[in-house]
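Hi everyone, thanks for coming.

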Amino acid sequence: MTVEPTPTRDVGAEELRTGRLRLSRPGPGDLDAIFALHTDPEACAHNPSDLLETRKDAELLLLRWSHQWDRYGFGYWTIRRHDSAETLGFCGVKIVGFRRRPVLNLFYRLFPASWGSGYAGEAATAAVDWARVHRPDDLVIARVRPENVASQRVALRAGLVRAEHLDTPGDDGADWFYVSDTSRYEG
């Protein structure tokens with residue numbers, strides 16, 4: 001059973017800026033990047049169930065992301081450098097049910113060509129900072145595979161802390177949990 005929060009829209013979240021990055025609400029122009037990223041076996045190596053098979057799958061994924069934006073006024077952002085139109089990947093938070101409670105799931109997936117530049121950590125930090133200001137009552141979680149050390153570093157850089165007591169089996173293997181505040185969720 002998923003517990004749905006009362007829909008409340010936050011405004012002003014359609015674009016965030018960091019020192020190097022511009023995060024903006026995905027739109028139809030991002031469909032090719034969504035498809036390319038989610039059909040890249042290397043980008044989805046730790047979450048193979050996220051691999052898409054068809055362009056229609058990418059359209060449905062964009063539709064789900066858009067529904068989150070329309071309903072709540074926030075969601076996943078497209079990541080680009082200030083000086084480029086090239087999509088580096090996607091990052092943001094969306095409401096999901098976790099143990100019968102709504103939480104904000106932190107998502108970040110970037111194209112392998114942009115790995116190692118600190119972009120994921122910068123974008124994830126912006127997303128968590130946004131959540132702390134605009135959704136302070138919501139717990140932010142990140143589910144990370146034990147072998148995905150780079151993703152663990154991103155979660156820590158974004159200000160999350162390891163919450164071993166929440167670890168669970170996931171669709172693609174064990175889910176290690178990182179959260180914004182361990183005192184607010186004892187499991």
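Let's begin with a term: a salt bridge is a side-chain nitrogen of Lys or Arg within 4 Å of a carboxyl oxygen of Asp or Glu. Why look for such pairs? Side chains of opposite charge can pair when their charged atoms come close. Please keep in mind that this is a predicted model.

Here is our opening example: D50 and R109 form a salt bridge, with their closest N and O atoms 2.8 Å apart. The two residues sit in distant parts of the chain, 59 residues apart, with D50 in the loop between α1 and α2 and R109 in strand β5, residues 101-110. Is R109 buried or exposed? R109 counts as buried because its relative accessibility is 7%, and buried means under 20%. D50, at 30%, is partly exposed.

Next, have a look at R55 and D32, whose side chains meet in a salt bridge at 2.7 Å, N to O. This pair also links distant parts of the chain: R55 belongs to helix α2, residues 55-72, and D32 to helix α1, residues 31-37, which puts them 23 residues apart. R55 is partly exposed at 36%, while D32 has a relative accessible area of 51% and is therefore exposed.

Another pair is R162 with D167, where the N to O distance is 2.7 Å. R162 is partly exposed at 24%, and D167 is partly exposed at 27%.

Salt bridges can also join up: E14, R25 and D70 are linked in a network of them. And how many salt bridges does the structure hold? The count is 14.

Note on methods: Residues numbered from 1 in each chain as written. Predicted model: local features only at pLDDT ≥ 70, side-chain atom pairs only at ≥ 80, totals over all residues. Heavy atoms only, no water. Helix = DSSP H or I, 4+ residues; strand = E, 2+ residues; numbered from the N terminus. Buried < 20%, exposed > 50% of the residue type's maximum accessible area, 1.4 Å probe, protein only.
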